[in-house]
Amino acid sequence: MDYSDEEEFEMDFPRRMGFRRGGRLGRGRGRGRGGYGHPVPIENRELRHSGVEMAEDDSMLLEYVPDHLGDPGSVQYLTHGISPSFKYFELEIVSWGESGRIGLGLARRDYPMGNMPGWRSQSIGYHADDGRLFHANGHGQQFGPVCAVGDRMGCGVELLNGDNMPAKDNESEGDEDDDDCVALGGRHMNVYFTRNGERVGSLTRVRSPEGGFFPVVAMHSEGESIRVFLDVGSANPSAREVHMKVLKAVVEPDVPVWNRLNNVEQVGNRLRYTSWQNSGLAQCKLPMTLRWPYFELEIVDNGENCYIAIGVAHSKYPFGQHPGWQKNSVAYHADDGKLFNGCGQGEAFGPSCRKGDRMGCGIYFRPRDKGIMGDWDPPSSSEEDDDDDDDHCGDDLDSSSSSSGDDLDDRRVYVYFTRNGKKIGGCASVVPAGGYFPTIGLMSRGEVVETHVRACSG
């Protein structure tokens, strides 16, 4: 995400409803217990921050609060300068917000708040919304994949020895204090970034500022929230561990799965249409992943017309629009059996559905989960390209996006649908930034469906 040339801005905000805003908090009494999955309380941190809210009961949970200039909200942790004993940290994306303008990286001690990491001198950052790497400028370069809700982004360094080679853990660092990042000022180091525990890439021989490098995280679109992990250590969590955490959050009985509701009432696992003429929408709180690629609904009541739809859409799909009608959404409609792929003109696809039928939607993530489709083969890449050329209604990348070929291939998926456990077919699609979220539409009086988020693919 590039920045606009606005003046650097920082201001303090009052405390509000269990959150602290802006300003600078003093040093706490000491460090809390670290460890993966156990954030250290914020009262034990000395930090600088602007444009964020910090939960007192979960102190590493940060939420973006736009100021009147619309500058990014940023946090810099001053007690955790890069040193031989602190070389890696992470953030987890809790909410994507409007556009997922989230980043992490390293910066000098006096880095101006209200800037994303990497925008200004003596800073470097990896941004979630476009996968770009920013190093002391506001334009960036293509670097890695975009990230989504549930992903963990990490930043770490490799200290270099006298031969400019990565120093081993047991290699002597001279007489430097292990907790003194200032001693590393002016030293060269390799800075690397990770996504879900897997290294994305690195920038070699980055010169540390004289006062040392310090962790910085930032957000820049309304509704974003993240959780910061400073005491992860050098051992990165595996991608499987991250996806299992996402899956657990989805299937936990006490978690309200459908968090975006419009003209729809949720009672347990059932969704009921509550309006008279406008489309009702229910969208899941988490995107579909390799570990959670499929869900279903059962039609409990047809209502007047059985205008029921199941599919996937981006996280901010507009209310009042049935799934599949708008860009970055694909859906199967029960009343006429049509498939809608990013426009209001559907195409003949499968049988219509009525009371008692189960409709399913899944994503075939190529090529990493080839077994998920059983003996049903998706179309070849050439067929997908032909379809994209002939039909302008399908999902395309946003015109503002600039993705490399590798990134585009990584985001190409096949969305498929089932009826009563049997696969009907599907279409090729490109996952929008932030992921594809399970989405259900209702649009005639009396409609009721039962959702099954833990369903197995047919």
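Where does His-80 lie? His-80 lies in the loop between strand S6 (73–77) and strand S7 (88–96). Strands here are DSSP runs of E, at least two residues, numbered from the N terminus.

## Basis

This is a predicted model: local features need pLDDT of at least 70, side-chain atom pairs count only at pLDDT 80 or more, and totals for chains, interfaces and linings use all residues. Residues are numbered from 1 along each chain as its sequence is written, and side-chain values use heavy atoms, with hydrogens and water left out.

## Around His-80

His-80 counts as buried, at 2% relative accessibility. Buried means under 20% relative accessible area, with a 1.4 Å probe and protein chains only.

The side chains of His-80 and Thr-79 are joined by a polar contact of 3.1 Å. Such a contact is a pair of N or O atoms within 3.5 Å; within protein, one must be able to donate a hydrogen and the other to accept it, and residues adjacent in sequence count only if both atoms are side-chain atoms. His-80 and Leu-230 are 150 residues apart in sequence, yet 7.9 Å apart in space, C-alpha to C-alpha.

## The open sheet

Seven strands form an open sheet. Their order is S18-S19-S30-S21-S26-S27-S28, with antiparallel pairing. Two strands pair if DSSP finds at least two bridges between them. Strand S18 (264–267) and strand S28 (422–430) stand at the edges, each with a single partner strand, so one side of each has no neighbour in the sheet.

Strand S27 (residues 412–419) pairs with S28 in the antiparallel sense over eight bridges. Tyr-414 stands opposite Ala-428 in S28.

## Aromatic pairs

Rings of Phe, Tyr and Trp (its six-membered ring) pair if their centres lie within 6.5 Å; planes under 30 degrees apart count as stacked, over 60 as edge-to-face and the rest as tilted. By this rule there are nine aromatic pairs. The rings of Tyr-294 and Tyr-416 are stacked, because their centres are 6.1 Å apart and their planes at 15°. Tyr-294 lies in strand S21 (residues 294–301) and Tyr-416 in strand S27, so this pair ties together parts 122 residues apart in sequence. Both tyrosines, Tyr-294 and Tyr-416, are buried.

Tyr-332 and Phe-349 form an edge-to-face pair, 5.5 Å centre to centre with 70° between the planes. Tyr-332 counts as buried, at 0% relative accessibility. Elsewhere, ring pairs link Tyr-126, Phe-143 and Phe-193 into a cluster.

Methods:
Helices (H or I, at least four residues) and strands (E, at least two) are DSSP runs, numbered from the N terminus. Buried means under 20% relative accessible area, exposed over 50%, partly exposed in between (1.4 Å probe, protein chains only).
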